[in-house]
Every structure is written in structure tokens, then in C-alpha cells.
Amino acid sequence: MRIFAIGDLHLPGGQLKPMDIFGAHWEGHFDKICADWRARVTEEDVVLLPGDLSWAMTLEEAAPDLAAICTLPGRKILLRGNHDYWWSSITRVRGLLPAGNYALQNDALAIDDAVFAGSRGWTVVPENSTNVQELKIYRRELMRLEFSLQSAQKLSQGRPIVAMLHFPPFGDRKEGSGFTELLEKYGVNICVYGHLHGEGLRAAFNGEKNGVKYACTSCDGLGFRLLELAEV
């Protein structure tokens, strides 16, 4: 089993929102991703998809996009991003996915020789922030990530833990946060995340810090090619 990751596919979901408005390099981006995916991924491999999968507003609108993803090779693990408005009920999302495709939401999943955990995350907010609402969401997302990592630790039995977040787990200056503290506390080996695009990719951290390997997997940052985690 090999493990790949790619995030922020931003499929149309019935919305008239072509991605090439964000730059010519986005033109036909899903075709590029699919070509690379089919060339490299086998049915025994795992592909992590850390959020922002579809612009759809309802699960019914998202269904064709999810079907397009699920027909690609490998076992897929989906995570909710901040633009996945169609993802309202985890039970309904899981009910739509065919066998061999999974949705994570504050819990964990063991596949072969690895355990996968995940939560959406949030923009890092300092604990001394005066923005009460942002701080409330940040603390809630920390709690959800901890639920997931607790589940992963129970499943691990010595197997490596791979975590997915949608939002970067670092602050603006790539400093640590409550998210990175939890990843370190629960012995996560690799954490992938997305959310960043264009100039924002300059803020991405790729590498190892305090025993955890991090990789930004926004598809435009990867040149619309999947990242194999052995390369991290």
C-alpha cells in the first residue's frame, strides 16, 4: 500500500465557477489530476483528500463530483473543507460513498498498515485574541481534532498515524499552535493539509518539526499531481 494526497480539487458541483479565473494554470485542472492519478495509483493504494472537494451547495449537487472522485483508482479518504457547504451530515455523506471510499469527521480509520485521523481545523488564533467568536471556533476545532487523535491512538497498535487537516496547523509565521501541540502529543507521523493557493502558498510549511512531517497538498501547489507521502 502506498499513500498519496491531494487537496482542494474545487470541482464544479453544478456551480458555474470555472477555476481558470484564478489563473490559466487552472484550466482543465481535474483532467490533469486524473491523468496523473490513473498513471500512478493502484486499487491497493490510499489517496487522502483534505477538503474543498466541490463548490456544490447540496449533497445532491455534489454527487456527480463525488462519483468522479470515487471512480478513480485506490481507496479514497475524504475530509471536509471550509468550502464544502454540501457536507452537512456525515451519515448522508458516508451513505453516498461506494465501498472502498471513506469520509473522516473528527474520528479515525485503520487501513492495512496505517491509521488515518482528521478534522477540518481552523485559522490559528492566539489564546490572547480579543476576537471572541474566532477564538471560540478555534478551541472547538482543537477539541474535534483531539477526539480524532484519541480514536487514532486506540487503533494504532504501533502503526503510524497519518493526520489530515484542511486548514494549515501553523500560525502566520509558521509558528506552532494548539493543533501542532496535539499532533505531537498523540505521536502523529505525517500531517497533510491544504487551503492555501496562489501567493498564499508562500506561507506553507513542508518538512519536519518536533517529530511530525508536514506537507501542504493544495493541488495547484503540487502542479496538479498527487503527492506520494514517501516523498515527504
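The structure holds 11 salt bridges, a salt bridge being a side-chain nitrogen of Lys or Arg within 4 Å of a carboxyl oxygen of Asp or Glu. Keep in mind that this is a predicted model, where local features need pLDDT of at least 70, side-chain atom pairs count only at pLDDT 80 or more, and totals for chains, interfaces and linings use all residues. Residues are numbered from 1 along each chain as its sequence is written, and side-chain values use heavy atoms, with hydrogens and water left out.

**Salt bridges**

Here are some of the pairs, with N to O distances.

| Pair | N to O distance |
|---|---|
| Asp 45 and Arg 2 | 3.3 Å |
| Arg 92 and Glu 60 | 2.7 Å |
| Arg 120 and Glu 141 | 3.1 Å |

For location, helices (H or I, at least four residues) and strands (E, at least two) are DSSP runs, numbered from the N terminus. For burial, buried means under 20% relative accessible area, exposed over 50%, and partly exposed in between, with a 1.4 Å probe and protein chains only.

Take the Asp 45 and Arg 2 salt bridge. That pair links distant parts of the chain, 43 residues apart: Asp 45 is in the loop between α1 and β2, and Arg 2 is in the segment before β1. Asp 45 counts as buried because its relative accessibility is 3%, whereas Arg 2, with a relative accessible area of 32%, is partly exposed.

Next, Arg 92 forms its salt bridge with Glu 60. Here the partners are 32 residues apart, with Arg 92 in helix α3 (residues 90-96) and Glu 60 in helix α2. Arg 92 has 42% relative accessibility, so it counts as partly exposed; Glu 60 is at 54% and therefore counts as exposed.

Then there's Arg 120, bridged to Glu 141. Arg 120 sits in the loop between β6 and α4, Glu 141 in helix α4, 21 residues apart. Both Arg 120 and Glu 141 are buried. Salt bridges also link Arg 120, Arg 140, Glu 141 and Arg 144 in a network.

Leaving out residues up to four places away in sequence, Val 125 touches Glu 134, Leu 135 and Tyr 138, where contact means heavy atoms within 4.5 Å.

**The open sheet**

Six strands make up an open sheet with mixed pairing, ordered β5-β6-β7-β8-β10-β9; two strands pair if DSSP finds at least two bridges between them. At the edges, β5 (108-111) and β9 (207-209) each pair on one side only. From one strand to the next, the twist averages 25°.

β5 and β6 run antiparallel, joined by four bridges. Leu 109, for one, has Phe 116 in β6 as its bridge partner. Helix α4 packs on the sheet, touching β5, β6 and β7 (161-165), and its direction makes about 170° with that of β6. Axes are lines fitted to C-alpha atoms, for helices over the stretch in contact, with angles from 0 to 180 degrees between N-to-C directions. Helix α5 (residues 178-185) lies across β7, β8 (190-193), β9 and β10 (212-216), running at about 130° to β10.

**Helix α1**

The buried residues of α1 are His 29, Phe 30, Ile 33, Cys 34, Asp 36, Trp 37 and Arg 40. What covers them includes β1 (3-5), β2 (46-50), α2 (59-70), β3 (75-79) and β11 (227-228).
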